[in-house]
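Visitor: I would like to go through this model and ask, for each label, what stands behind it.
Guide: Then let us look at it and take the labels in turn.

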Amino acid sequence: MKKIKVLVVDDSLVFREVLARGISTDPYIEVVAKAVDPFDARDKILEYSPDVMTCDIEMPKMNGIEFIKRLLPQYPLPVVVVSSVSMAVFEAMKAGAVDFVTKPNVQSVQDVHGFIHELIQKIKVAANAKVSRLSTQSKTNVVEEGASMEGSLIAIGASTGGTEAVFRILKDLPSQMPGIVIAQHIPPVFSRMFADRLNNSTQMRVKEAETGDYADQGSVLIAPGGQHMRLKKFGNRYRAECFEGEKVNGHSPSIDVLFESVAKEVGKGAIGVILTGMGYDGSKGLLSMRRRGARTLGQNEETSVVYGMPKVAFEIGAVEKQVSLETIAQALVSILRNRD
């Protein structure tokens, strides 16, 4: 396996060295250069042609978000944002970054060790990610007034590149959609920020799920980071149960955990969607949903940042139809509109 060439961009000398030395311990990663700000980084990109760039958000001369916006149209380089806990990471994702990692407490050896391990994994995923700029034109209100939504539920699973993919889907959907439940691979704290962002910028009522919440019409429940989420049927409604447990397929929340519960509790009344991400989480659960009569969609390769999870799901027969990110909202509407 060829070494992944990485450019580290951070204005803090101490953190820049901690990060560079840490990820260099992996035999498949080579830190080819370090930069103190975006202007320095631009020169290093031209000189060293890195495969992946790690980038801070708060930097002198130009912040990381503006840098990513200016950089990617000219140099489509996978970027992993390294930042403090902040809503700004979602702006970085919108600008075109592939993924993000939370800065650790450098005084804590345990925090730094966990951070380095996570960053190494995300760099390896980013090295194979597709960096592209998709259309962001809105297609809101695509559902006709009076379209029947009763008895339906939509379950969505996503990983790398998923925060922006989920946003683009939800912004194209009107408030009268059936209940939506989402398992996005995301750290604790950020799942609530993600839900708040979606709540403020879409027509849906979005919140980080808590045990006892119902997936009712017009509402979206986001599985909390670090916890699994499953559904239970109560009468004609579906209630969320959130719980801590061992990681499943390397993740918590796990998409499979959510999808398996939807297959069991909702059956043919459900629609399952598997989005961009590395690995295979969600594929078996989506297959269970399809076998119980649910309709299933998978994001296509062309619009996936990482065509891993949708590929595996498609190959095992879990995906009924592959669609582009831009048309998933329309595909959901079409299924709902044409149901018996």
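Guide: One residue to begin with, in what is a predicted model: Asn 249, at 28% relative accessibility, counts as partly exposed.

Visitor: Why is Asn 249 called partly exposed?
Guide: Buried requires under 20% and exposed requires over 50%. Asn 249 has 28%, so it counts as partly exposed. Asn 249 is found in the loop between strand 11 and helix 8, and its phi is positive, about 55°, although it is not a glycine.

Visitor: What else is in the loop between strand 11 and helix 8?
Guide: Pro 253 has its place there, between strand 11 (237–243) and helix 8 (255–265). A cis peptide bond joins Ser 252 to Pro 253, with omega at about 15°.

Visitor: Which class does Lys 61 fall into, buried or exposed, and what makes it so?
Guide: Its relative accessibility is 67%. The cut-off for exposed is over 50%, so Lys 61 counts as exposed. Lys 61 lies in the loop between strand 3 (52–55) and helix 3 (64–71). Lys 61 is not a glycine, yet has a positive phi of about 75°.

Visitor: Why is Val 85 called partly exposed?
Guide: The value is 43% relative accessibility. The place of Val 85 is in the loop between strand 4 (79–83) and helix 4 (88–95).

Visitor: What is Val 85 in contact with, beyond its neighbours within four places in sequence?
Guide: Val 85 is in contact with Thr 102, Val 189, Phe 190 and Met 193, where contact means heavy atoms within 4.5 Å. Met 193 is 108 residues from Val 85 in sequence, and their C-alpha atoms are 9.4 Å apart in space.

Visitor: Which residues of helix 9 are called buried?
Guide: In helix 9 (residues 283–291) they are Ser 283, Gly 285, Leu 286, Leu 287, Ser 288 and Met 289. Each has under 20% relative accessible area. The buried residues of helix 9 pack against strand 6 (153–158), helix 8, strand 12 (270–274), strand 13 (295–299) and helix 10 (309–315). Gly 293, with a positive phi near 100°, follows helix 9.

Visitor: How many helices and strands are there in the protein?
Guide: There are eleven helices and 14 strands.

Visitor: What makes the protein as compact as a globular protein of its length?
Guide: Its radius of gyration is 20 Å, and the globule rule gives 20 Å for 340 residues. The two values are close, so the protein is as compact as a globular protein of that length. The C-alpha trace spans about 60 × 40 × 35 Å along its principal axes, and 56% of the 340 residues count as buried.

Visitor: How much space lies in the largest pocket?
Guide: About 1100 Å³. The pocket is lined by 39 residues, and the closest to its centre are Glu 118, Lys 122, Lys 247, Gly 250 and His 251. Strand 5 (99–102), helix 5 (109–127) and helix 6 (162–171) are the elements that give two or more residues to the lining.

Visitor: Which element gives the most to the lining of the largest pocket?
Guide: Helix 5 does, with nine residues.

Visitor: How do the residues of the lining divide?
Guide: The lining has 15 nonpolar, 17 polar and seven charged residues.

Terms used. Residues numbered from 1 in each chain as written. Predicted model: local features only at pLDDT ≥ 70, side-chain atom pairs only at ≥ 80, totals over all residues. Heavy atoms only, no water. 1 Å grid on protein atoms, 1.4 Å probe; cavity = no way out; pocket = protein on both sides within 12 Å on 5 of 7 lines; lining within 4 Å. Points joined across faces, edges and corners; volume = space filled by probe spheres on them. Helix = DSSP H or I, 4+ residues; strand = E, 2+ residues; numbered from the N terminus. Nonpolar A, V, L, I, M, F, W, Y, C, P; charged D, E, K, R; others polar. Rg over C-alpha atoms; globule rule 2.2 N^0.38 Å. Buried < 20%, exposed > 50% of the residue type's maximum accessible area, 1.4 Å probe, protein only.
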